[in-house]
Amino acid sequence: MRIGSAGALQPQITIGDVIIAEAAVRDDGGSASYVKPSFPACANHRLVGKLQAYCAQHHIIAHSGVVRSHDSFYTNQEQELCHYWHRQGVLGADMETAALFTVGRLRQLEVAAILTNVVLFEQDVKAGVNDYVASSKASAQGEQHAILAALNALCD
């Protein structure tokens with residue numbers, strides 16, 4: 001189970017909201033080390049369902065769908081990349097979920113990811129990361145929600 005952070009690629013996702021990754025765009029180098037890029041990066045449906053049910057039961061704002069995993073925040077075309085994936089409906093971006101999902105599937109393991117949003121869509125990444133480091137109340141509450149949802153999914 002990945003419990004981590006992401007930056008939003010959709011405007012309705014606010015700081016502290018959680019994103020439950022159903023699948024990940026494999027825009028990273030790590031997962032390509034294991035299998036061809038055409039292999040999908042998908043979460044375990046049972047774990048995803050448990051995460052979704054916990055969030056619904058506890059009135060936690062959760063968005064479920066596809067995330068994008070990538071290797072670098074500061075490419076010269078970062079804004080264009082974010083807008084491209086935004087238009088495809090991708091919810092957020094992180095750096096680990098695609099590799100976890102890919103290796104998990106290859107090893108026949110149940111894997112899932114729940115991410116706390118720490119950067120608003122179209123917000124400067126450096127400013128968003130600095131806000132996160134300052135431990136804003138919304139981010140901290142989102143992290144707590146993600147941790148409790150993950151523990152429930154794994155222990156239920």
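Reader: How many residues of β6 are buried?
Author: In this predicted model, 7 of the 7 residues of β6 are buried, so that the strand is mostly covered.

Reader: Which sense does the pairing of β2 and β6 take, parallel or antiparallel?
Author: The β2 and β6 strands pair in the antiparallel sense, over 4 bridges. One of the residues concerned is valine 18, whose bridge partner in β6 is threonine 116.

Reader: And β1 with β6, parallel or antiparallel?
Author: Those two strands run parallel and are joined by 6 bridges.

Reader: Turning to the core, which residues touch the most other members?
Author: The largest nonpolar core has 29 residues, and Ile19, Leu51, Cys55, Phe101 and Ile114 touch the most other members. Two or more residues come from each of β1 (2–8), β2 (18–27), α1 (45–57), α3 (97–106), β6 (113–119) and α5 (137–155). Another core, of 5 residues, lies apart from it and includes Val25, Trp85, Val90 and Ala93.

Reader: What is isoleucine 19 in contact with?
Author: Beyond its neighbours within four places in sequence, isoleucine 19 is in contact with Ala6, Ile13, His63, Val67, Leu91, Gly92, Ala113, Ile114 and Leu115.

Reader: A change of topic: how many disulfides does the structure hold?
Author: The structure holds 0 disulfides.

Reader: What is the relative accessible area of cysteine 42?
Author: Its value is 24%, so cysteine 42 is partly exposed. Cysteine 82 is also partly exposed, at 21%.

Notes:
Residues are numbered from 1 along each chain as its sequence is written. This is a predicted model: local features need pLDDT of at least 70, side-chain atom pairs count only at pLDDT 80 or more; totals for chains, interfaces and linings use all residues. Side-chain values use heavy atoms; hydrogens and water are left out. A nonpolar core is a set of buried Ala, Val, Leu, Ile, Met, Phe, Trp, Tyr and Cys residues joined through side-chain atoms within 4.5 Å. Buried means under 20% relative accessible area, exposed over 50%, partly exposed in between (1.4 Å probe, protein chains only). Contact means heavy atoms within 4.5 Å. Two strands pair if DSSP finds at least two bridges between them. A disulfide is a pair of cysteine sulfur atoms within 2.5 Å.
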